[in-house]
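Student: I would like to go through this model one piece at a time. Please keep the terms plain.

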Amino acid sequence: MQAAAKTDVDHSAERALIQAAQQDRSRFADLYEANFERVYAYVVRRVRDRDEAQDITADVFHLALKSLPRFEWRGIPFAAWLFRIASNEIADRSKRIARRRAQEREISFETTNDRGEVVAGIDEAERRGRLFGLVERLPRDQSRVIVMRFAEQKSIREIATALGRSEGSVKQLQFRGLQNLRVRIGDTNG
């Protein structure tokens, strides 16, 4: 019975700290001090990199301070809210890292450290960029067919359905579009 009363007192003290911080942002330091070690321990166990854990923990408290006016007390410890923010930050950071690595692999064609191969990857990316610029300058219907067929990898039938045209018409637009691209590529290379 006494333990339950102590828990209620602890929550009321925490609730008072939260309300004070919502009124005066400088009072957030009390919440920070009370929860920093728990949040840092939670993050470091999940990312297993000290520098990254420090960055994420800083981001968690920055976001908590920013979102504090919208925080509503529901009888759950404030740390639970911080853990949810931390969990979201860890997931977001993992997604960003995965996207960046995928982009790096695409540009470098998953090469080793051979500088010539990395440069070739960059050249390929620039070539693709020029090609897409040329596709955009094609007549509208030809450009749409080329993009749908080769960038979106749709079948002739899918394109015909999407554009409300016959399959023969789509094949003709694709043929003329590719011919025009060959001419334009020849003009840019010559």
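Student: Which residues line the largest pocket?

Tutor: This is a predicted model, where local features need pLDDT of at least 70, side-chain atom pairs count only at pLDDT 80 or more, and totals for chains, interfaces and linings use all residues. Residues are numbered from 1 along each chain as its sequence is written, and side-chain values use heavy atoms, with hydrogens and water left out. On a 1 Å grid over the protein atoms alone, a pocket is an open set of points where a 1.4 Å probe fits, with protein on both sides within 12 Å along at least five of seven lines, and lining residues have an atom within 4 Å of a point. The lining here is S67, R70, F71, E72, R74, I76, P77, F78, A80, W81 and R84.

Student: Which helix gives the most to the lining of the largest pocket?

Tutor: Helices are DSSP runs (H or I, at least four residues), numbered from the N terminus. With 4 residues, the one that gives the most to this lining is helix 4 (residues 78-108).

Student: Is helix 2 parallel or oblique to helix 3?

Tutor: Axes are lines fitted to C-alpha atoms over the stretch in contact, with angles from 0 to 180 degrees between N-to-C directions. The axes of helix 2 (residues 28-47) and helix 3 (residues 50-67) come within 9 Å and cross at roughly 140 degrees. Angles under 35 degrees count as roughly parallel, over 145 as roughly antiparallel, 65 to 115 as roughly perpendicular and the rest as oblique. Therefore helix 2 is, relative to helix 3, oblique.

Student: At roughly what angle do the axes of helix 6 and helix 7 cross?

Tutor: The helices are residues 140-151 and residues 156-163, and their axes come within 10 Å. The angle is roughly 135 degrees.

Conventions: Helix = DSSP H or I, 4+ residues; strand = E, 2+ residues; numbered from the N terminus.
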